[in-house]
Amino acid sequence: MRIAVTTDHAGFEALQQLKVFLESLGHDVTDYGPKGFDMEDDYPDYMFPAARAIANDDCQMGIILGGSGQGEAMAANRVKG
């Protein structure tokens, strides 16, 4: 299964562990960022591309992480499809 993953700075370390775990299960993981830890990052910059990948069927599932998860989920759910 192709899985899109992304986060903001709050979930950066957890995302690194999650990718290793998903890949160990045989999944194809596409990381939509961030590529490094940055306290000033803005979660919509990462949520929108991951959500678009799912809507366009580039990925079959997505996992988004963040501080509370609420803003991240609202951003991802703005993408139609």
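The numbered points below go through this predicted model from the overall fold to single residues.

1. Overall layout. The chain holds three helices and three strands, and read from the N terminus these elements follow the order β-α-β-α-β-α. Among them are helix H1, which covers residues 12–24, strand S2, at 28–31, and helix H2, strand S3 and helix H3, at 44–55, 61–64 and 70–77 respectively.

2. Dimensions. Along the principal axes, the C-alpha atoms occupy a box of roughly 30 × 30 × 20 Å.

3. When contacts with a separation of 6 or more are considered, 72% of them are between residues 24 or more positions apart.

4. The largest pocket. This pocket contains about 180 Å³ of space, and of the 13 residues that line it, those closest to its centre are Ala-50, Ala-51, Ile-54, Ala-76 and Asn-77. Helix H2, strand S3 and helix H3 are the elements that each give two or more residues to the lining, and the largest share, five residues, comes from H2. Sorted by class, the lining has 10 nonpolar and three polar residues, with no charged residues.

5. The cis peptide bond. Gly-33 and Pro-34 are joined by a cis peptide bond, with omega at about 0°, and this deserves a reader's attention in the model. Most peptide bonds are trans. Pro-34 is placed in the loop between S2 and H2, and Gly-33 lies in the loop between S2 and H2 as well.

6. The surroundings of Gly-33. Gly-33 counts as buried because its relative accessibility, 3%, is under the 20% cut-off. Leaving aside residues up to four places away in sequence, Gly-33 touches Val-5, Thr-6, Thr-7, Leu-15 and Tyr-46. From Gly-33 to Gln-16 the separation is 17 residues in sequence and 10 Å in space, taken C-alpha to C-alpha.

7. The backbone at Asp-57. The phi angle of Asp-57 is near 65°, which is a positive value in a residue other than glycine. Most residues other than glycine have a negative phi. Asp-57 sits in the loop between H2 and S3, and with a relative accessibility of 52%, over the 50% cut-off, this residue therefore counts as exposed.

8. Gln-17 in relation to Asp-57. Gln-17 belongs to helix H1 and is exposed, because its relative accessible area of 59% is over 50%. Gln-17 and Asp-57 are 40 residues apart in sequence, and their C-alpha atoms are 25 Å apart in space.

9. The segment after H3. Lys-80 is found in the segment that follows H3, and it is exposed, since its relative accessible area is 78%, over the cut-off of 50%. Although Lys-80 and Arg-52 are 28 residues apart in sequence, their C-alpha atoms are 8.2 Å apart in space.

Notes. Residues numbered from 1 in each chain as written. Predicted model: local features only at pLDDT ≥ 70, side-chain atom pairs only at ≥ 80, totals over all residues. Heavy atoms only, no water. 1 Å grid on protein atoms, 1.4 Å probe; cavity = no way out; pocket = protein on both sides within 12 Å on 5 of 7 lines; lining within 4 Å. Points joined across faces, edges and corners; volume = space filled by probe spheres on them. Helix = DSSP H or I, 4+ residues; strand = E, 2+ residues; numbered from the N terminus. Nonpolar A, V, L, I, M, F, W, Y, C, P; charged D, E, K, R; others polar. Contact = heavy atoms within 4.5 Å. Buried < 20%, exposed > 50% of the residue type's maximum accessible area, 1.4 Å probe, protein only.
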